[in-house]
Amino acid sequence: MSSIDYDLTQIRAFAFDVDGVLSPSTIPLGSDGYPRRMVNIKDGYALQLAVKKGYKIAIITGGISEAVKVRFSSLGIADIFMGSSKKLPILKSWMEKEGLRPEEVAFMGDDIPDLPCLRHVGLPCAPFDACAECLATAHYVSKFSGGYGCGRDILEQTMKAQGKWMDDAEAFGW
């Protein structure tokens with residue numbers, strides 16, 4: 001049973017911010033001045049499974065990091081947009097390229113730059129610790145904070161609603 005009050009059978013695609021969503025919002029800085037990001041292994045498992053199950057996944061982040069690109073590419077995600085100071089045009093272009101209608105897309109964001117994307121999709125989602133404006137805009141607020149499983153939360157609930165979670169041997173591996 002899903003805790004998301006939305007017809008999850010419509011969802012064909014997910015787009016995620018990174019910092020504050022797939023990574024905690026507190027980021028240590030390296031001695032070189034570049035941020036180091038932590039990622040959640042359970043988010044990673046769900047992301048790679050979603051790709052295998054045919055969902056479209058996009059990463060849209062303002063940050064620029066080779067580590068972010070390597071991490072999400074290794075999970076099978078091809079659409080990684082970094083340095084995105086304005087995220088909505090990127091989201092719209094990606095949706096058009098993939099033939100997606102807003103009601104088929106879930107977007108998860110946690111801060112002010114994510115608001116236009118949250119307002120554009122059918123299922124706007126936010127981690128538990130998102131800013132007040134994102135929490136007010138989100139149709140679904142995960143019980144998990146950014147970097148601590150909020151991505152897995154929406155992916156797992158959607159795949160369960162569509163009968164694609166642990167439905168074959170492929171689900172039990174990376």
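Select the whole chain of this predicted model. Its radius of gyration is 15 Å. A compact globule of 174 residues would have one near 16 Å, so the chain agrees with that rule.

Next, colour by secondary structure. Walk along the sequence and read off the pattern: β-α-β-α-β-α-β-α-β-α-β-α.

The accessible area of the chain is about 8,300 Å². Carbon and sulfur atoms own 55% of that area. How many of the residues count as buried? The share is 50% of the 174.

Show the contacts between residues at least 6 apart in sequence. Of these, 57% join residues at least 24 apart.

Now pick out the charges. There are 19 positive and 22 negative ones. Their mean positions lie 3 Å apart.

Zoom in on helix α2, residues 66-74. Which residues are buried here? Select Val68, Arg71 and Phe72. These three cover an arc of only 85° around the axis, which puts them on the same side of α2. Here is the background: an α-helix has 3.6 residues a turn, so residues three or four places apart point the same way.

Last stop: look at the face of α2 turned away from the buried side. Select Glu66 and Ser74; both are exposed.

Technical notes
Residues numbered from 1 in each chain as written. Predicted model: local features only at pLDDT ≥ 70, side-chain atom pairs only at ≥ 80, totals over all residues. Heavy atoms only, no water. Helix = DSSP H or I, 4+ residues; strand = E, 2+ residues; numbered from the N terminus. Rg over C-alpha atoms; globule rule 2.2 N^0.38 Å. Buried < 20%, exposed > 50% of the residue type's maximum accessible area, 1.4 Å probe, protein only. Contact = heavy atoms within 4.5 Å. Areas by Shrake-Rupley, 256 points an atom, 1.4 Å probe, with all protein chains shown as cover. Lys, Arg positive; Asp, Glu negative; His and termini not counted. Charge placed at Lys NZ, Arg CZ, Asp CG, Glu CD. Arc of directions from axis to C-beta.
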